[in-house]
Amino acid sequence: MTRRACVIGAGPNGLAAAIVLAQAGLQVDVCEAQPTPGGAARTLELTLPGFRHDFGSAVYPLGAGSPFFLSLPLASHGLEWIHSPAALAHPLDDGTAVMLERDLVETRNSLGVDGAAWDKLMRPFVERWDEFALEILRPIPFVPKHPWLMARFAALALQSAEAVARRFRDPRTRALFAGMAAHSFLGLDEPLSAAYAILMTVPAHAVGWPIPRGGAQSLTDALCGILSALGGRINTSSPVTNLAALENYDLILCDLTPRQLITVGGERLTDGYRRQLGKFRYGAGAFKVDYALSAPIPWKAADCLRAATVHLGGSFEEIAASEKAVRMGHHADRPFVLLAQPTLFDSSRAPVGKHTAWAYCHVPNGSKVNMLDKLEDQIERFAPGFRECILARRVFSPADLERMDANLVGGDVAGGAMDIRQFFFRPTWRHYATSAPNLYICSASTPPGGGVHGMCGHNAAKMALSRIGRGWNLSLSLWV
Ligand SMILES: Cc1cc2nc3c(=O)[nH]c(=O)nc-3n(C[C@H](O)[C@H](O)[C@H](O)COP(=O)(O)OP(=O)(O)OC[C@H]3O[C@@H](n4cnc5c(N)ncnc54)[C@H](O)[C@@H]3O)c2cc1C
């Protein structure tokens, strides 16, 4: 008899889990609360007709480098990665930009006095990206398959970005490194913040920081197409409020964060497990703005036009102060801003000659403060005249983000804080398993955490399959 599985939530991790289960021969239904699948990987007309904006994620280093996504026929289902000439630009007040080139040697050459140190830091992981990706995109293994590589990573990763940045002599390189580390949402003086700088930079050199032609939705549509070809079904506008409604399924995988799991799990979860979930900590929130623009952003540094992603925050010290303020529950006066300008490289997303921009800054979880002026001041600082290019804008406070996707609790884009405890035990020591047999959690609140890579969903589904006697035994393969 065919076994049946239900996946709650059609974000990238829910879809990844559904595909793994369908590949193993299960009949899979996905229940999605929103009218369109994709979660934080959707593209919508958020400002004016013809301007298509990525509501959540926009740039995909871990998507392009995900071992699971690489195993799927995404291109046959319409996905095309676009690589901007440079992975990232980091403009500075002198009117120039320090560039993260795709090619490690080019970056080495452009970083001058720090080129050799940058190369030495990144190269071991860049050259062994395939092995490295498999190690880091799963629960931290007790016995890694590549112990030397992982020992090297651990020695760096457990340090703060501040400590690792001391090996760079030029403030420009330190600024670039700070921007990469700020993806952690941690203070740059906290342990692990260096890990995120490395985890974001290595794929830039190994697989790029691409955007999908047509936007995030193209990736979601490709995942949905693969699932549908395997016989899986997605029911949109179908929020699940209680697992009691899903009694006919052999397996249930939840692309939900702990808070929602507590609510829908009800009696199925033990008191002890509910208590553990209740201790899960959410991270800082995002304040996001989508722009319809009459022209490309008028950067002082022309190099910024070569990169789909731009980090706005100035020096290491300034970015560190901005992130520290958020960690302390404050709002930075000069927030670190992450900006994407996809239409420079993908004209399909806006009317002819027009452009879009996507920008956000970090704010305390659940913040109600309007950061619009401060965010735009940061863009103007490096691109005077930016405001004159704005045809329309759409602002998302943390609460607005959560309304669009219930997993973005308090505006947390990563499914929970990525601090030391939750690096190892995410959301609990059980990782994907819960206290209920046949019930699993597969969202970004599980290892390896936030980002569009589908590996949380993939790993959870493999564990679930191993426990109902199908597929390979994840408890052996993952942890040994
Ligand atoms: C503003 C922003 C910018 C980001 N930028 C990037 C980026 O550039 N690159 C990158 O890699 N990552 C980025 N991320 C992070 C990335 O998008 C997330 O980590 C990723 O989408 C997590 O996938 P997920 O499947 O775990 O959850 P989600 O994508 O959040 O999907 C969860 C799904 O579950 C559904 N759901 C929730 N509750 C229920 C319920 N009760 N019943 C049914 N369905 C339910 C939701 O509607 C949603 O569709 C960004 C996120 C945001 C918000």
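A residue counts as buried when its relative accessible area is under 20%, as exposed when over 50%, and as partly exposed in between (1.4 Å probe, protein chains only). By that rule, F280 and Y282 are both buried.

This is a predicted model, in which local features need pLDDT of at least 70 and side-chain atom pairs count only at pLDDT 80 or more, while totals for chains, interfaces and linings use all residues. Residues are numbered from 1 along each chain as its sequence is written, and side-chain values use heavy atoms, with hydrogens and water left out.

**Aromatic rings**

Let's begin with the rings. A pair of aromatic rings is described by the distance of the centres and the angle of the planes. Rings of Phe, Tyr and Trp (its six-membered ring) pair if their centres lie within 6.5 Å; planes under 30 degrees apart are stacked, over 60 edge-to-face, and the rest tilted. The count comes to 15 aromatic pairs. Here are two of them:

| Pair | Centre to centre | Angle between planes | Type |
|---|---|---|---|
| Y60 and W81 | 5.9 Å | 45° | tilted |
| F280 and Y282 | 5.4 Å | 80° | edge-to-face |

Y60 is buried, with a relative accessible area of 1%, whereas W81 is partly exposed at 25%.

Rings can also meet charges. A charge sits over a ring if NZ of Lys or CZ of Arg is within 6 Å of the ring centre and within 35 degrees of the ring normal. R4 lies over the face of Y249, 4.5 Å from the ring centre, and the charged end of R174 sits over F316, 4.9 Å from its ring centre.

**Helix α5**

Now look at helix α5 (residues 115-127). The expected span of a helix is 1.5 Å times one less than its number of residues, so the 13 residues of α5 should span 18 Å, and the 17 Å between its end C-alpha atoms agrees. Among its buried residues are W118, L121 and F125. F125 also belongs to an aromatic cluster with W129, F132 and F153.

**Strand β12**

Six of the six residues of strand β12 (residues 307-312) are buried, so β12 is largely enclosed by the rest of the structure.

Terms used
Helices (H or I, at least four residues) and strands (E, at least two) are DSSP runs, numbered from the N terminus.
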